[in-house]
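Hello,

Here is the structure I promised to pass on.

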Amino acid sequence: MGETTSRGRFITLEGGEGAGKSTQARLLADSLRRRGVDTLVTREPGGSPLAEEIRGALLSGAVAPLGPAAEAIMFSAARIDHLERTIRPALAAGQWVISDRFADSTRAYQGVLGALAPAFMRELERVAVGENRPDLTLVLDLPADIGLERARARSSVADRFEAEGQSFHDGLREAFLAIAREEPDRCVVIDADQEEERVAADIWRAVEDRLLDLDEPDMERLP
Ligand code: Z5A
């Protein structure tokens, strides 16, 4: 009989601009790899060749004139390819996957801020994501002005979404917190208004509590 490979775990990082998602995705992957967990870091929009092409159109603002429903459909189309080409094969091969943004970003940016009908959003997510829901979603939370300041300090050119005003970004923060309240079994809110190392420690604690304890009893715990 052939060897069976257990499915990997799927972790997503969500939150507003400059919350530290990319930084924390890298630090979490380092922590997992140090413990022998084969880990893949990916991102949205993007994460597969076709989805990266769609990313260019979305972040340049080329799709924006078509409205939030068209943007939601485009982000979801990119997600279908990302899941098909990158995420599902990695999980099936036993890798853990960390995605810098996923479907909650569509819910928050296009659904809530774009004022799209909840029934449309639910159906779109069902079609694009299906059974491939994250095992754990880390919502990195911090005041919008601090996140925007961080993002601007890094790059002087604002993309399609960074260019939105303060009330948009305040609404975004609330939208992510509302998702976390609605799905507490999947989501953990992380205080991202702390030094990188402290944020990373909080994230590791959440991963230990939610994922490592379940079926990896021999996995090393942090002191
Ligand atoms: N979008 C959407 O509308 N719908 C969707 O379905 C999806 C996405 C999937 C993607 O852009 C855009 O697409 C995004 C939402 C929309 N909107 N925007 N803009 P992106 O991927 O280019 O940008 P982003 O996702 O917002 O990421 P970001 O701005 O790069 O931020 P981040 O990844 O959260 O943060 P970071 O790169 O790790 O850190 C930002 C800076 O802060 C950097 O200089 C760090 O060194 C610094 N940093 C990080 N952590 C800390 C701490 N703890 N203290 C101080 N400084 C820190």
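Helices H1 (21–34), H2 (49–60), H3 (68–92), H4 (103–112) and H6 (144–154) each give at least two residues to the shell around the ligand; helices (H or I, at least four residues) and strands (E, at least two) are DSSP runs, numbered from the N terminus. H4 provides the largest share of that shell, 4 residues.

A word on the source: this is a predicted model, in which local features need pLDDT of at least 70 and side-chain atom pairs count only at pLDDT 80 or more, while totals for chains, interfaces and linings use all residues. Residues are numbered from 1 along each chain as its sequence is written, and side-chain values use heavy atoms, with hydrogens and water left out.

Back to the ligand. The shell holds 26 residues, and the closest are Glu17, Lys21, Thr23, Arg101 and Thr106; a residue is near the ligand if one of its heavy atoms lies within 4 Å of it. By type, the shell has 12 charged, 8 polar and 6 nonpolar residues. Here Ala, Val, Leu, Ile, Met, Phe, Trp, Tyr, Cys and Pro count as nonpolar, Asp, Glu, Lys and Arg as charged, and the others, Gly among them, as polar.

Which side chains make polar contacts with the ligand (pairs of N or O atoms within 3.5 Å; within protein, one must be able to donate a hydrogen and the other to accept it, and residues adjacent in sequence count only if both atoms are side-chain atoms)? Among them is Ser22, with a polar side-chain atom 2.7 Å from a ligand oxygen. Arg101 has a polar side-chain atom 2.5 Å from an oxygen of the ligand, and an N or O atom in the side chain of Arg150 is 3.3 Å from a ligand nitrogen. On its own the ligand has 1100 Å² of accessible area, of which the protein covers 84% (Shrake-Rupley method with a 1.4 Å probe; for residues, only the protein chains shown count as cover).

Arg101 counts as buried because its relative accessibility is 12%; buried means under 20% relative accessible area, exposed over 50%, and partly exposed in between (1.4 Å probe, protein chains only).

Ala115 also has a positive phi, about 55 degrees, without being a glycine. This residue lies in the loop between H4 and helix H5 (118–129), and Ala115 counts as exposed because its relative accessibility is 66%. The backbone has one more item to check: the peptide bond joining Glu44 and Pro45 is cis, with omega about -10 degrees. Pro45 is in the loop between S2 and H2. Most residues other than glycine have a negative phi, and most peptide bonds are trans.

Arg35, in the loop between H1 and strand S2 (39–43), is buried at 18% relative accessible area, and its side chain reaches the backbone oxygen of Ser31 at 2.9 Å. Ile203 belongs to helix H8 (residues 196–215) and is buried at 1%. Ile203 and Leu27 are 176 residues apart in sequence, yet their C-alpha atoms are 9.6 Å apart in space.

Best wishes
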